[in-house]
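Welcome to this short tour! Open your viewer and follow along, one selection at a time.

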Amino acid sequence: MASTISAATNTSASGGEGNYRFALVSLTSLFFMWGFITCLNDILIPHLKSVFSLSYAEAMLIQFCFFGAYFLVSLPAGMLVKKLGYQKGIVTGLVIASVGCLLFYPAAALAVYGLFLGALFVLASGITILQVAANPYVNALGSAETASSRLNLTQAFNALGTTVAPFFGAVLILSVASGATGDLSHAQAEAEVVKLPYLILAGMLALLAAIFAKVTLPKIVEHNEPADAAGNISHNGKTSAVQSLHLVLGAVGIFVYVGAEVSIGSFLVSFLGEENIAGLKEADAANYIAYYWGGAMVGRFIGSAVMQKIPAGTVLAFNSLMAAALVLVAMNTNGMIAMWAILAVGLFNSIMFPTIFSLALRDLGPHTSQGSGILCLAIVGGAIIPLLQGVMADSMGLQPAFILPVICYGFILFYGAKGSKM
């Protein structure tokens, strides 16, 4: 399997500390952008659901196409980055993502839902290449001992992007859509309001591509691991990452975590619009999504400090228990209690992805990069679980359908308490 995310222990960067610092600052812009774009889907879902009169399941095809790209593009992206190098890989990802944003223009002009889904897949393919190139690059910009700290720092900017995106989407998409008029059909007039936001994003991504094509960044030097006569690399008696049970269970953990996080975020606007919850209009409800993603940003800093004193598996188990409890409260209550319970889930989601990731890669040695590739593929949970919850919401109602994220958090509780130690 081609490597998608290299471990810090397997890479090094050539260049001084000043170059490292400049490169790290530059890379934070990428983490911010893909967090911003990913969270903007939470605004796009209720908007296109209204424009095209979609069912919940049909609306969730947005996340299916977006996160499905991780599954289909991760391995080719790994081979592409290996061939081009990390810096050129970043530029390629930015260019493809920019093209994906530009494709929203004809999709909106023609008001065809399938074209929106195609544009999202192209956009997500570019983001996938960015993830594949930028994560190992951050890991390599300094010593292995501080790799986790660097990645947490850049992920904080990713969370900042997810926090501000709802305000951007609420102002430029939902609030404008509510007043869309003119000679065009209603559906086309409503669809066309996404042109400006995604043209702005296309321009920003193209500008970043031009900047990263020109700047001088430290080069990454891969370290080759010793292999036997048959070409196999053995570590602790294992010749493959999939022979480590804690890695396989960790991949399931990444699958259900990303699925639960994305699913809750995707349904937030619709949930807060329910009369028995808050009865908010789409534009008003979108502003509250920032509390969900902002909680994840704050929780990441808190969790980083807590895990210096308490084992990561214990913190993961506690957070998943709290997240499941809050979702159950949101399912079984009404009004402000249900509203703030579901928004507070973001605070406990915060540390889950990096913690599962690090626990799953523990003691893999030379198989770490292969394990990282498997975990990257598992992000496809963000495509499948929201779609399943959409089907459930159509058949049993929106509020009861949140039982699916509860089940997901149940597995993460098991992984933190026991599965990560297997």
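Two residues are in contact when they have heavy atoms within 4.5 Å. Keep that in mind as you look at the whole protein, which is a predicted model. Of its contacts with a separation of 6 or more, 84% are between residues 24 or more positions apart.

**Stop 1: the whole protein.** Of the 422 residues, 56% are buried. Now show the surface: its accessible area is about 16,400 Å², and carbon and sulfur atoms account for 66% of that.

**Stop 2: helix H11.** Select residues 282-306, which form H11. Next, colour the buried residues of H11, among them Tyr-292, Trp-293, Arg-300 and the glycines Gly-294, Gly-295, Gly-299 and Gly-303. Ala-285, Ala-286 and Ile-289 are also buried in this helix.

**Stop 3: a pair of helices.** Packed helices are described by the angle and the distance between their axes. Select H16 (residues 381-396) together with H17 (residues 403-417). Their axes lie 9 Å apart, at an angle of about 140°. The two helices are therefore oblique to each other.

Finally, show side chains where the pair meets. From H16, pick Ile-385, Leu-388, Gln-389 and Met-392; from H17, pick Ile-403, Leu-404, Pro-405 and Cys-408. How many residues of each class are in this contact? Seven are nonpolar, one is polar and none is charged.

Note on methods
Residues are numbered from 1 along each chain as its sequence is written. This is a predicted model: local features need pLDDT of at least 70, side-chain atom pairs count only at pLDDT 80 or more; totals for chains, interfaces and linings use all residues. Side-chain values use heavy atoms; hydrogens and water are left out. Axes are lines fitted to C-alpha atoms, for helices over the stretch in contact, and angles run from 0 to 180 degrees between N-to-C directions. Helices (H or I, at least four residues) and strands (E, at least two) are DSSP runs, numbered from the N terminus. Angles under 35 degrees count as roughly parallel, over 145 as roughly antiparallel, 65 to 115 as roughly perpendicular and the rest as oblique. Ala, Val, Leu, Ile, Met, Phe, Trp, Tyr, Cys and Pro count as nonpolar, Asp, Glu, Lys and Arg as charged, and the others, Gly among them, as polar. The expected span of a helix is 1.5 Å times one less than its number of residues. Buried means under 20% relative accessible area, exposed over 50%, partly exposed in between (1.4 Å probe, protein chains only). Accessible areas come from the Shrake-Rupley method with a 1.4 Å probe; for residues, only the protein chains shown count as cover.
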